[in-house]
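Here are my notes on this model, as numbered points. Please read them beside the structure.

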Amino acid sequence: MTNLEEYYNKFNEDKRLNSRHGQVEFRTSMRYIRRYLEEIAVLSGREKGQIKILDIGAGTGRYSIALAEEGYDVSAVELVRHNLGRLKAKCSLVKAYQGNALRLKRFEDETFDMALLFGPLYHLHKEEDKLKALTEAKRVLRKDGVLLAAYVMNEFSVITYAFKERHIREALETGMLDTSFHCTEKANKLYSMVRLEDMERLNKKAGLRRVQIISADGAANYIRPFLNSLEEEEFEYFLAYHLATCERMDLMGAAGHTVDILRKY
């Protein structure tokens with residue numbers, strides 16, 4: 001069993017996405033997923049059931065199931081068998097398979113209208129692996145298809161772990177951070193942290209054009225206890241604030257998660 005499998009056998013992804021900070025990420029991401037699905041429907045003239053979505057690294061199906069229940073044709077690929085089993089147990093509407101984001105050999109070229117790459121890029125440390133995941137997702141997309149790719153951001157990790165949790169000396173002395181305070185592969189065995197320029201370089205190499213970029217969670221991960229203490233109305237105001245600012249580039253790089261919305265070119 002790999003470290004990743006051991007981790008997700010214990011980690012409750014559903015609980016995370018249902019938490020207050022997780023709701024910010026989920027509801028923000030779903031807002032943009034729906035926006036581009038509506039655009040696809042208008043441009044193609046097809047109904048929901050004719051629009052095909054591939055969720056790559058689907059976890060336990062938080063996004064897959066929600067979209068399938070809205071009437072879309074959803075397929076899901078998940079590496080960790082424990083997660084896949086939970087997804088299948090929860091919903092029969094999703095066509096779910098065990099598989100790897102680096103080798104989507106089950107699927108033919110230009111099959112899907114939208115692809116979600118919301119988990120794999122968190123865990124692929126090497127640039128060539130990230131590039132392979134992006135190009136495989138691109139391959140299975142139709143010519144006008146949309147790819148949403150999520151990343152864990154470098155500055156969030158440095159601010160929280162190195163400074164807030166006071167590991168900065170250890171991080172520099174052991175090579176977890178380089179001289180520009182960029183996380184190296186030594187920073188975390190499971191997670192890979194990137195900057196905006198890293199994402200832009202990958203897009204160029206993969207032949208992908210950015211349509212839009214959003215901060216999926218903004219400040220939410222920095223203030224988890226505070227969010228949990230808010231009354232429901234107050235939390236909805238925070239969410240409204242976040243949705244009003246999540247496209248602002250001056251707030252982008254320090255968020256916990258960023259979603260790159262891409263097309264082929």
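1. Phe163 sits in helix α8 (residues 154–164); helices are DSSP runs of H or I, at least four residues, and strands are runs of E, at least two, numbered from the N terminus. Phe163 is partly exposed at 47% relative accessible area (buried is under 20%, exposed over 50%, partly exposed in between; 1.4 Å probe, protein chains only). With Leu172 and Phe181, Phe163 makes a nonpolar surface patch of about 270 Å². Patch residues have over 30% relative accessible area and no salt bridge; nonpolar side chains (Val, Leu, Ile, Met, Phe, Trp, Tyr) are joined within 5 Å, like charges within 9 Å. Areas use the Shrake-Rupley method with a 1.4 Å probe.

2. The model is predicted: local features need pLDDT of at least 70, side-chain atom pairs count only at pLDDT 80 or more, and totals for chains, interfaces and linings use all residues. Residues are numbered from 1 along each chain as its sequence is written, and side-chain values use heavy atoms, leaving out hydrogens and water.

3. Strand β1 (residues 52–56) has 4 of its 5 residues buried. β1 pairs in parallel with β2 (residues 73–78) over 5 bridges; pairing needs at least two DSSP bridges. Ile53 has Val74 as its bridge partner in β2.

4. Arg35 and Glu247 form a salt bridge, closest N and O atoms 3.6 Å apart; the rule is a Lys or Arg side-chain nitrogen within 4 Å of an Asp or Glu carboxyl oxygen. Arg35 lies in helix α3 (residues 20–44) and Glu247 in the loop between α12 (232–245) and β8 (257–264), so the pair ties together parts 212 residues apart in sequence.
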